[in-house]
Amino acid sequence: MRETLYKIAKNFKSAIEIAQQDSRNKNFMYFSLFPKGTCGTTCYMLAKYLSEETALNVNIYCVTGYCYKPDFSSHAWLEILEIPKDPEQKWIVDITGDQFSENETFLNNNVPIYVNRCKQNNSFKRKFRVYEQRKTQLP
C-alpha cells in the first residue's frame, strides 16, 4: 500500500507543479507559491482524486494540526484508513510538508512527499497537536 500511495501522491504533486509553471495558469494565484500555504486545499484535492480516480478501498480523513513550537503554525495532511478498518493499516500522506524546509522553528521538513504508517509514536505525529480530524465527505 505504501508504494501505491507514494506513486499516486508523487504523480499528483508533479501535476500541480507542471500546472504551476504553465503560463496559461498565471492568473490562478492560489497555487502560485505551491506548496507554501496550500496544504488544506491540496489535501481536499488529493482526497477527491483518491476517491474518484483510484480503486483503493479506503476512508480518507483530512487532519489539521498545530506544531508544538511556540509560533503555533498549522499544517494539514491526509490520513488514509484501509477497509476493512484496522488501525494498523492507517497511513499519513503529506505532499506539502516541504513548504517548511527553510523554517527551523516549524518542522524543518525537506521531504517533498511523506507516506508512512500512522502510529501514535511516529515522528511525524509527535510534531503536532491535532486540532481537527474529519472524514472527507466529497460531492
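## The largest pocket

The largest pocket of this predicted model has a volume of about 160 Å³, a pocket being an open set of points on a 1 Å grid where a 1.4 Å probe fits, with protein on both sides within 12 Å along at least five of seven lines. Its lining, meaning residues with an atom within 4 Å of a point, consists of Ile16, Ala19, Gln20, Asn25, Lys26, Phe28, Phe31, Ser32 and Met45.

Five of these lining residues are nonpolar, three polar and one charged, and helix H1 gives the most to the lining, with three residues.

## The aromatic pair

A search of the whole structure finds one aromatic pair, for which ring centres must lie within 6.5 Å. Phe12 and Tyr49 form this pair, with 5.5 Å from centre to centre and 45° between the planes, and the arrangement is tilted, the class left between stacked (under 30 degrees) and edge-to-face (over 60). Because Phe12 lies in helix H1 (residues 2-21) and Tyr49 in helix H2 (residues 39-53), the pair ties together parts that are 37 residues apart in sequence.

Phe12 is buried at 12% relative accessibility, whereas Tyr49, at 34%, is partly exposed; the cut-offs are under 20% for buried and over 50% for exposed.

## Basis of the values

Residues are numbered from 1 along each chain as its sequence is written, and side-chain values use heavy atoms, without hydrogens and water. In this predicted model local features need pLDDT of at least 70 and side-chain atom pairs count only at pLDDT 80 or more, while totals for chains, interfaces and linings use all residues.

How values were computed
Phe/Tyr/Trp six-rings, centres within 6.5 Å; stacked < 30°, edge-to-face > 60°. Helix = DSSP H or I, 4+ residues; strand = E, 2+ residues; numbered from the N terminus. Buried < 20%, exposed > 50% of the residue type's maximum accessible area, 1.4 Å probe, protein only. Points joined across faces, edges and corners; volume = space filled by probe spheres on them. Nonpolar A, V, L, I, M, F, W, Y, C, P; charged D, E, K, R; others polar.
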